[in-house]
Amino acid sequence: MKLRFAPSPTGLIHVGNARQAIANALFARRHNARFLLRIDDTDRGRSKEDYVQALQDDLRWLGIGWDEFVRQSDRLDRYALAIEQLKASGRLYPCFESEQELASKREARIRMRKPPVYDRAMLRMTPQQRAQAEANGKVPYWRFRLSDHRTVEWNDLVMGACRVKLPAISDPVLVRADGTVLYTLASVVDDMELGITHIIRGEDHVTNTGVQIDIAEALGAKRNQFTFAHLPLLLDEGGGKLSKRFDGLSIRALRQDGVEPSAIVSYLARLGSADDPAPLSFDELAKSYDLGRVSRSAARFDMRQLLGLNRRIMHAMPFEEIRARLPEGATEAFWLAVRGNVDMVGELRHWWDVVAGEIIPPVIEEADRPYLLQALESLPAEPWDETTWKTWTTAVKDATGRTGRALFHPLRLALTGEDSGPEMRDLLPLMGRARVADRLQIAAR
Ligand SMILES: Nc1ncnc2c1ncn2[C@@H]1O[C@H](COP(=O)(O)OP(=O)(O)OP(=O)(O)O)[C@@H](O)[C@H]1O
C-alpha cells in the first residue's frame with residue numbers, strides 16, 4: 001500500500017490542507033503503508049520555492065514525515081510520454097477555440113437550456129481545417145476525449161458509493177498551448193507510475209476523480225486500481241472556504257500563536273468524525289484511525305475547541321518537554337505553577353513577568369489601599385515555600401477581620417495585576433518577599 005499527500009506550493013498550508021495530510025499519514029501508519037509527499041508545482045506561475053520549503057517545515061513541525069519526496073516539475077518527461085501515448089490513441093485532440101469563443105458557446109447553450117458542456121466541435125475538424133488553423137499561426141491546446149456515455153463509479157472510503165456522469169462534464173484540457181501539462185494529467189501519471197494505491201484528498205476533487213479514473217484507464221490502469229477517500233472540506237468559523245491566500249488559519253500562524261502541534265494533529269484527526277477530539281499521540285490516533293467514522297458533511301473549524309485541547313495537552317506536559325520554549329530563567333516550579341492556567345505557550349511570558357519581572361500596576365479601590373499596607377505588616381520573613389500564603393493570609397485575617405473575597409482578592413490583584421490565575425500559594429515563593437512588598441506598596445499608593 002502507498003499513499004500520497006500532494007499540495008500545490010501556492011501559499012502556506014492551512015488547517016484544511018493539514019487535515020488531508022494528517023488523514024493520509026495516519027492511514028499510512030495504521031496500515032503500515034508507504035507515504036509520499038508530492039509537490040504539485042506544474043503551475044509555474046503560482047508555485048513558489050519558498051512555499052515548497054514552508055510546507056515541508058510545517059509538516060515536520062506537525063510531526064508528519066514521509067518516505068519519498070517528488071516534485072512534478074522534475075517529472076515533465078514522464079508527462080510528455082503520456083501525452084504522446086494519448087495522442088497516438090486518439091484520446092487527446094487539438095483545440096483552437098479562444099476563451100471568448102468558448103464563453104459565447106457556453107452562453108448559447110445556457111440560453112437553450114442545455115448543460116454548458118464543451119460541444120467537441122474540434123473533434124469534427126478535418127485535417128485540412130487543422131492545417132489551415134496552424135498556417136494562420138494558431139497553436140493548439142489539447143483536450144482529453146472522455147469516454148462516451150460512461151458513468152464512473154467507485155466505492156469511496158468516506159463518501160460511500162460515488163458516481164460521476166462523464167457526459168455532463170466538458171472534455172478536460174490536459175495540455176496548454178504552450179505545451180505545459182495540467183495537474184489533472186500529471187497527477188494520474190504520478191499515481192500510476194509511483195505505485196499509489198490509496199488516494200485520500202478533499203471533496204473538491206470528486207469530479208476530478210471521475211475524470212481521472214477515465215484518463216488512468218486510457219493510459220492502461222486497471223479498473224479500480226486506486227481506492228479513493230474524499231474528506232469533506234473544512235470551513236472557517238464563519239462557514240467560508242479556507243484558502244491559502246488568506247493565512248489566518250495557516251499552520252504557520254497557529255504555530256506563531258503558540259499552539260502545540262500535537263493539539264492541531266489531535267484536533268484535525270477527529271474533527272468531523274464519530275470520535276471526539278482527544279489529546280492523543282500520533283501512534284495512538286493511528287491505532288484507532290478509521291475513515292469510515294469520518295462524517296460526510298463539511299466540518300467547521302472551531303478555535304475554542306482547538307484551544308481547549310491545547311490547554312489539556314499543556315496541563316499534562318512535563319517540564320522537560322516545554323523547557324526550551326519557556327522564558328529564559330524559568331524553572332520547573334514556575335512551569336508547574338502556571339501550566340494549569342494557560343491556553344498557549346505565548347501566554348507564559350506574561351506569567352513569567354508576574355513572578356520575575358514587571359507588571360502594570362493595577363488600579364486598587366480606594367477602600368482597599370490601607371488594607372494592603374496592613375497586609376504588608378504581616379508579611380512573613382523568608383525563606384518562603386508553598387505554606388507561606390496560608391500563614392500570611394491567616395495573619396492578615398486575624399489582624400484585619402477580613403474574610404473570603406475581601407481578604408484574598410485585593411492581595412491577588414495587587415501582586416499579579418489579574419483577577420484570577422494560578423494558585424497564589426505557588427506564585428508567592430516564586431515572587432519572593434522583596435517583589436511582594438514592593439507591589440503592595442505601589443498598589444496602595
Ligand atoms: N478547505 C479545505 N478543507 C479540506 N481539505 C482541503 C481544503 N482545501 C484544500 N484541501 C485539500 O488539501 C489538499 C492539498 O491541495 P492544494 O494544495 O491544491 O490545496 P488548495 O488549498 O485547494 O490550494 P489552492 O488554493 O492553491 O488551489 C487536497 O487534498 C485538497 O483537497
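This is a predicted model: local features need pLDDT of at least 70, side-chain atom pairs count only at pLDDT 80 or more; totals for chains, interfaces and linings use all residues.
The UniProt record, an unreviewed entry, places the feature "binding site" at Lys-244. Lys-244 has 19 C-beta neighbours inside 10 Å and therefore counts as partly exposed, since a buried residue requires 20 or more. Leaving out residues up to four places away in sequence, the contacts of Lys-244 are Thr-10, Gly-11, Leu-12 and His-14.

The ligand is surrounded by 18 residues, of which Pro-7, Gly-16, Arg-201, Gly-202 and Leu-234 are the closest. Two or more residues of this shell come from each of helix H1 (15-30) and strand S9 (198-202). The largest contribution is that of H1, which supplies 4 residues. Sorted by class, the shell around the ligand consists of 9 polar, 5 charged and 4 nonpolar residues.

The largest nonpolar core comprises 74 residues, and the members that touch the most other members are Ala-18, Ile-22, Leu-26, Phe-27, Leu-185, Ile-264 and Leu-268. H1 provides the largest share of this core, with 9 residues. The surroundings of Ile-264 illustrate the packing: apart from neighbours within four places in sequence, Ile-264 is in contact with Ala-18, Leu-62, Ile-251, Leu-254, Val-259 and Leu-306.

Most peptide bonds are trans, and most residues other than glycine have a negative phi. In this model, the peptide bond between Glu-382 and Pro-383 is cis, with omega at about 5°. Pro-383 belongs to the loop that runs between helix H15 (369-377) and helix H16 (388-400).

A positive phi of about 55° occurs at Asn-32, which is not a glycine. Asn-32 is located in the loop between H1 and strand S2 (34-39). Because Asn-32 has 8 C-beta neighbours inside 10 Å, this residue counts as exposed; the limit for that class is 12 or fewer. Arg-120, likewise a residue other than glycine, has a positive phi near 60°. The loop that holds Arg-120 lies between helix H4 (99-111) and helix H5 (127-135). With 14 C-beta neighbours inside 10 Å, Arg-120 is classed as partly exposed.

Conventions. Residues are numbered from 1 along each chain as its sequence is written. A residue is near a molecule or strand if its C-beta atom, placed from the backbone, lies within 6 Å of it. Ala, Val, Leu, Ile, Met, Phe, Trp, Tyr, Cys and Pro count as nonpolar, Asp, Glu, Lys and Arg as charged, and the others, Gly among them, as polar. UniProt positions are given in the numbering used here, feature names are shortened, and annotations may be inferred rather than shown by experiment. Two residues are in contact if their C-beta atoms, placed from the backbone, lie within 7 Å. A nonpolar core is a set of buried Ala, Val, Leu, Ile, Met, Phe, Trp, Tyr and Cys residues joined through C-beta atoms within 7 Å.
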